[in-house]
Amino acid sequence: MKQFISANDVTNINALVSKALAYKANPFLDKQLGANKRIGLLFLNPSLRTRLSTQVAAQNLGMEPIVFNVDKEGWALEFTEGAIMNGTTVEHIKDAAPILGNYFDILCIRTFPGLVNQQDDYSEKIINQFIQYAGVPVVSLESATLHPLQSLTDIITIQESIALNSALQSKRPKVVLTWAPHIKSIPQCVSNSFSQWMNAWGEADFVITHPVGYELSTEFTKGAIIAHQQDEALKDADFVYVKNWSSYEQYGQVLCKDEQWMLNNKKLALTNDAKVMHCLPVRRNVELSDEILDGPNSLVTKQASNRVWAAQSVLASILEAQKK
Amino acid sequence: MKQFISANDVTNINALVSKALAYKANPFLDKQLGANKRIGLLFLNPSLRTRLSTQVAAQNLGMEPIVFNVDKEGWALEFTEGAIMNGTTVEHIKDAAPILGNYFDILCIRTFPGLVNQQDDYSEKIINQFIQYAGVPVVSLESATLHPLQSLTDIITIQESIALNSALQSKRPKVVLTWAPHIKSIPQCVSNSFSQWMNAWGEADFVITHPVGYELSTEFTKGAIIAHQQDEALKDADFVYVKNWSSYEQYGQVLCKDEQWMLNNKKLALTNDAKVMHCLPVRRNVELSDEILDGPNSLVTKQASNRVWAAQSVLASILEAQKK
Amino acid sequence: MKQFISANDVTNINALVSKALAYKANPFLDKQLGANKRIGLLFLNPSLRTRLSTQVAAQNLGMEPIVFNVDKEGWALEFTEGAIMNGTTVEHIKDAAPILGNYFDILCIRTFPGLVNQQDDYSEKIINQFIQYAGVPVVSLESATLHPLQSLTDIITIQESIALNSALQSKRPKVVLTWAPHIKSIPQCVSNSFSQWMNAWGEADFVITHPVGYELSTEFTKGAIIAHQQDEALKDADFVYVKNWSSYEQYGQVLCKDEQWMLNNKKLALTNDAKVMHCLPVRRNVELSDEILDGPNSLVTKQASNRVWAAQSVLASILEAQKK
């Protein structure tokens, strides 16, 4: 693997999942693989799970990760070609990225969307300029439109659940991504990315349900069934992925706060005793009810714990490609 | 040892002290003990000595500690059961803690009291919820009411001083904890904790002196002599521990700023050439005079340096218990 | 080497450069040298390249560096002897530094000038108090008046360029330090330090050019030719070091914003096809034009990349001296 920005960078999702599960069974299987390899984790935005799980994954592979919070420890970067830098930006990505590429063998980057200018965000200009100028493999720790480490984790968790439930092994599982209410304007990354990975994986019937106006970019959802009636969508679901996102078309806006969209046990009864997923952090009793999160169907802790193995699988694949 | 939250978690204080002194003599004695063990240091509040000494201690045991400043790098956590999270908190401790427990083999946490609601602070709801939900050993890096790594360090330092002074070996030492002035409202943690440990250790005559209104919780001071006349209390003292704290009864309030309570050489003359202790940071010439801090009786640098060995002794004891 | 604060701490610059180039050829040559050695990196001010390159250098030598952002993770330090600390400072350097010296075998410190009080800044009171009280070797990661790791890197980069260009090997190279415009008040550190190192190195003709009023302290420039006509100074230059600084005499002030001082290809044509240097971060099209930075004569990426080898050479020299 040469980089990890989206599902398109992965030739075999199931192989990547198997690798992750091998690390889960034996975290120090490849403790020598990363020896003397330098990995930098750059955060232009905050992170808890992604940061810690990637650090642990890198340590499991024998690397000493270096974390740098650009937003807090550094200074504002400039991303516009030809800019006359007499304002607030202190350093151009064209100058910063090649140096980071010299310091590190792998560069991991988190950068959120502004949620103001759709075209800007969806051009992925920030992570793309890191890729263009760094000269080393770049791993997305969530970018303006996608969150591939989360999606890989999600598929690992779905496969683990299927392996534990023989009834699910003889059928094609139904996976529903459902919009949930939230009080703030939230990126589309996790939902875009989950859609892209479900389509690329291809081993489930995939349905997306959301209020009118919350259609995601068809670039990522193509192939998925879109439904505006949540109750209909939930019928016979084996997995329900709960997530809020702001509108893609009326970009970044919150069009609906309807509490009826929050998943609870009554709605769960419509499903095939579905397992419930969420990427965290979750606003309890706004996005998802206590009864679900504290109940037996929740996969959220397992899901977040699997972040380590997803990251370790990706980093190992990149290290292996570098050795060739 | 299964956790390290208070003196109650320690069955044999002297054994823990001996272990610490063995590490002081040979820091890399157990360099293999922590191999492949993951330790997370979570700070909900700032730290200098505690953070650095615990990091060094973990490295000495072969671990690569991961530091996370929740207050600066993360987001606000929710600690109320059943909360409808439509406000400023982004993630519930019930969701965050189990995942941290999955990422790490030992979880170290610092959390300060609010000093507004006595009952809230003294319920230790924050660190207790980490313990409840993390599922791995939790080490306090100072909590709302106690600072056990500091107190262990204090007893290490007292024992070291006694070992260097034959006159102190043939008697029962007198240890005085004296309140000192400060300009701000300061937690009772260090004083509560020192009292608790002195009582649990039981090898000294322990006196606490403070202005009226500064009585500490008897939960921690029981057994100690309380005196309101500092000069009386200091008589024949072998060790004087200087510390400010805000009122426990008029919770969090500053009732007294009387400069007469600041220790200086004139007061020191009342003692048995006592060694002077402070946990740092210290406000010079407010809490404690330059003449004391720069003089021959000060133990403060030695005390702070011993923080490494205290932390190493605790972490090693937990690692050893995990291997059983 | 006992410390690394200025060129005066180095007995043989060329030997230090050779050592750095040996590490560049083989980063893990001395992977055992730093085993079980503790290194602390303290930042009183922000840093990108210096922090990351020093961390990587320390790791290459087998150390696990610990970073502490005093300005963000800690609290305000007091540097005035005898201060009554009833204000905003929380801890005196006399108390903090000895403890850091106990925790670490090498202490690296970054501290910027205030640019308000020339005497204060040029007394280097902050780094000098760390040196006085820490009791272990101190490495400057940029101080109030100097930036020696940058200057060592600069000489490494100049020597590398000479080694690649036979025409430069038969002559004494001409090196020009030219002032450049900037929108803010910038320290004199990099320019002072480069001047000091060029003079100490002694293997080039060294010219400094700047507008009237921007004279640097003669403590550092002595021996250098000072010119106020940039075009004259640039003639036949083999290396041009571009840098802004605020006035030393009218301390910290911005006296000139004349865009004519920005280097571009037209000015470069006056030189002997000079290589162009800058320490970064650089304000593009304010300090230095895109056409230079993106052109074939720019050394800036190579220069910044060499920061790792400069730091590694310095740290190794200190570790070797400690072993004696």
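Reader: Into which domains is chain A divided?

Author: Keep in mind that this is a predicted model. One of the domains of chain A is built from two stretches, 7-146 and 306-323, and that is domain 1.

Reader: Which element of chain A gives the largest share of the side of domain 1 that touches domain 2?

Author: Across this contact, 20 residues of domain 1 of chain A meet 24 residues of domain 2 of chain A. On the domain 1 side, the elements giving two or more residues are helix 1 (13-25) and helix 15 (307-323) of chain A. The largest share is 5 residues, and it comes from helix 1 of chain A.

Reader: How many residues on that side of domain 1 of chain A are nonpolar, polar and charged?

Author: We're still on the side of domain 1 of chain A that touches domain 2 of chain A. Its residues include 3 polar and 3 charged ones, and the nonpolar count is 14.

Reader: What kind of axis relates chains A and B?

Author: Chain B can be laid on chain A by a turn of 120° with a shift of 0.0 Å along the axis, and the RMSD is 0.0 Å. The two copies are therefore related as by a three-fold rotation axis.

Reader: Which element gives the largest share of the side of chain A that touches chain C?

Author: Here 23 residues of chain A are in contact with 27 residues of chain C. Among the elements giving two or more residues on the chain A side are strand 2 (66-69) and helix 3 (70-73) of chain A. The largest share, 5 residues, comes from helix 4 of chain A.

Terms used. Residues numbered from 1 in each chain as written. Chains lettered and ligands numbered in written order. Predicted model: local features only at pLDDT ≥ 70, side-chain atom pairs only at ≥ 80, totals over all residues. Least-squares fit on C-alpha atoms with pLDDT ≥ 70 in both. Contact = placed C-beta atoms within 7 Å. Helix = DSSP H or I, 4+ residues; strand = E, 2+ residues; numbered from the N terminus. Domains from an automatic or database assignment. Nonpolar A, V, L, I, M, F, W, Y, C, P; charged D, E, K, R; others polar.
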